[in-house]
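Please walk me through this structure, starting with its overall build and then moving to particular places in the chain.

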Amino acid sequence: MNLQEILKNNVVLKLSEDMNFPVKEVLYLRIAELIEDYLSEKTGGDINFVVECPTEESHGDYSTNIAMILAGLLKRKPLEIAEEISQKISLPDLIEKIEVVAPGFINFKIKQDYFVKELKEILTRKDIYGAFCNIDHEHPNKVMIEFGQPNTHKAFTVGHIKGTISGLSVSKLIENLGYQVVKTNYYGDIGMHTAKCTWGVIQKGLPKDFDDWDKHKKMEFIADAYVYATENFDENEEAIRKINLKIYKESKGKILDLYNKIKDWSREHQKAIFADLGVFYDVEYPESQVFAEAKKIIDKNLNSKLSAGQEGIFSESQGAIIYDGEKEGLNTWVMQTSEGNPTYSAKDLSLGFQKFEDYPDLYFNLTLTSIEQKDYFKAVIKILETLDDKFKNRYFHVPFGWLLMDGKKTSSRSGKNIKGTDILEESLNVARTKIAELKDYDEEKKEEISKAVASAGLKFLILSHEFNKNVNYDPKKFIDFEGYSGPYILYAYVRAKSILRKAEVENLTLDIKDFSLNEYELNLLKWLARYPQTTFRAGTEIAPQLLCVYLFELAQRFNSFYTNCPIIKASGDEKQFRLSLTAGTAQVLKNGLNLLGIETIEEM
RNA sequence: GUCCCCGUAGUUCAGUGGAUAGAACAAGACACUCCUAACGUCUAGACGCAAGUUCGAUUCUUGCCGGGGACACCA
């Protein structure tokens, strides 16, 4: 089973008593029922047909390709089969019209009443509209999601920002599928980088008033010290390695004290960034904590130390201990250095064990990292599965693409990355300039709006790209606040809320008999109903970009409706309906943005 | 060398075994006495190349070309 299948399993929409059952599912189930006769004849097996919303609206609200698939299997004419099926479907409450079209599509036009019911559903269920629940009772539904993973003695980079934003959204999307998510941060507070940095700080010398510095400024100093050490590593390797051993062995003294102080300063800085991005972890694993166990795992599975007849998966080579992945088609990875320290590879193994020990009822784990670690995690997961069966189909790596500068990745080894705070600061400045040009709120309000807009802009930019593809960061025109962007969607939300405030409506009942809707109303109404299926796909396929596209289209349709249909100035049932539509749109925009980790504001 | 990812309009990106490949930005035109113009309407423009599988391929497979990455003591 792959991750997508596991995520899909047993996830169903939360149903209320008289809920509008999703039309896509109704059609799918009905067709599946109908084709059983055909299947038993020849194929016997399952077939994969789809019920989808065609892009071209003249092709109906929903459409299926079942007839063409059956035609291939049964060697019959697709149109003929389509005709047969369409006549048997018979869902009079739901379907207004069925059309059979060459080469064999069956297109459904859904009754307007269905969409109105769906709007009522939105207004009733509010914040939990579109949320799913997991009905699998055989498995626990707890899921761990690891993301962020900064190093304490090295800069928090744009890469970490991207990982954090992606991780937050994935967590929310999976939570929305009904899983209980445990957000995890595995941060690197041990290893060569800590020694390099500590050495660098000693060389540079801490300024006298350092304690009074701002936390981000402190971190800048620390990160620079790391860069300095990297640049001067070759000439000072011996001294740095000595420091490394002292840190590993926790030998008390000035070095360890300084190392710990740096760690505290760095953590303070990192926590502030996480909080800024809206991330609060449920559990954190410092690398130093899994270090001891890593050594044990290596020892237990080291070939040469095992008694005759037992075969370990690690072996010694040139003084180091390695995993030879060749027979599995994988690379060779060093598990322990010749100095006797476990490498990150070994630490990732003990981290895996630690997670399942702390959370015995964990269904599965997702580790999010940038894509260059893909091959590496193949090996980690393979080793975990070899060491213990419990990891089979329960430990997954989800890679995401980089944030590139002018089409290039900034050097990671040297530490000369763009700092995470730089990009946050920059997006905030762009937002400040923009709002200063456009609006005349008081300073406090301006700042509040700028923060929300900057965050929406950055998060949307990152999440609107395919998950494992790179995102280009062009400092000159880096964040769009117009067109396909977070602020555009935010703006649509603000407009909707503004109308609802002015109309002073409390409870919308939507108790209207006569509905003759214009194209703007209908376009918006129909699009709203697609929200649940969109979040389902975005979650199960780990594809926040699908939700981005959906929300943008929703905002566009709302803006179109907004300019063409007076809402407050309308009267009677029309006003009532338009207000409901506005409220429904605002609700879905808010729910959707929340799944992207974007907070809404009321004015901008 | 082995393996992995990517290649869609001038640019930045979506999308899909199906019916006319969607947007945004930039360009050009329009609208604007009206609930927030960070808005709306219209025009022009693209699936790297080649074979294969298929009723049907931009999507799947293979090869090639181009860009990026991983592969022994750093995470």
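Helices, of at least four residues, and strands, of at least two, are DSSP runs that are numbered from the N terminus. On that basis chain A has 21 helices and 16 strands. The model is a predicted one. Taken along the principal axes, the C-alpha atoms of chain A fill a box of roughly 80 × 70 × 40 Å. Chain A has 604 residues, and 39% of them count as buried. Among contacts in chain A with a separation of 6 or more, 76% are between residues 24 or more positions apart.

The interior comes next. In soluble globular proteins, nonpolar side chains tend to be buried together. Here the largest nonpolar core has 127 residues. Those with the most contacts inside this core are Ile145, Ile222, Val453, Ile489, Leu528, Leu551 and Leu589. Helix H16, which covers residues 443–463, gives the most to the core, with 10 residues.

Sorted by class, the surface near RNA strand B has 34 nonpolar, 30 polar and 17 charged residues.

One pair of helices shows how elements pack. Two packed helices are described by the angle between their axes and the distance between the axes. For helix H8 (residues 192–204) and helix H11 (residues 254–277), the axes come within 10 Å and cross at roughly 105°. Angles of 65 to 115 degrees count as roughly perpendicular, and H8 and H11 are therefore roughly perpendicular to each other. On the side of H8 the contact is made by Thr194, Cys197, Thr198 and Val201, and on the side of H11 by Ile255, Leu258, Tyr259 and Ile262. The contact of H8 with H11 has 6 nonpolar and 2 polar residues, and no charged residues.

Helix H10 (residues 233–249) contains Lys242. With 13 other C-beta atoms within 10 Å, Lys242 is partly exposed. Lys242 and Trp199 are 43 residues apart along the chain, and their C-alpha atoms are separated by 9.9 Å.

Some backbone details in loops remain. The peptide bond from Ala102 to Pro103 is cis, with omega near 0°. Pro103 lies in the loop between strand S4 (95–101) and strand S5 (105–110). Gln318 is a residue other than glycine with a positive phi, near 50°. The loop that holds Gln318 runs between strand S10 (314–317) and strand S11 (320–324). Ile542, again not a glycine, has a positive phi of about 45°. Its loop is the one between helix H19 (531–540) and helix H20 (544–564).

How values were computed. Residues are numbered from 1 along each chain as its sequence is written. Chains are lettered from A and ligands numbered from 1 in the order in which they are written. A nonpolar core is a set of buried Ala, Val, Leu, Ile, Met, Phe, Trp, Tyr and Cys residues joined through C-beta atoms within 7 Å. A residue is buried if 20 or more other C-beta atoms lie within 10 Å of its own, exposed if 12 or fewer, and partly exposed in between; C-beta atoms are placed from the backbone. Ala, Val, Leu, Ile, Met, Phe, Trp, Tyr, Cys and Pro count as nonpolar, Asp, Glu, Lys and Arg as charged, and the others, Gly among them, as polar. Axes are lines fitted to C-alpha atoms, for helices over the stretch in contact, and angles run from 0 to 180 degrees between N-to-C directions. Angles under 35 degrees count as roughly parallel, over 145 as roughly antiparallel, 65 to 115 as roughly perpendicular and the rest as oblique. Two residues are in contact if their C-beta atoms, placed from the backbone, lie within 7 Å.
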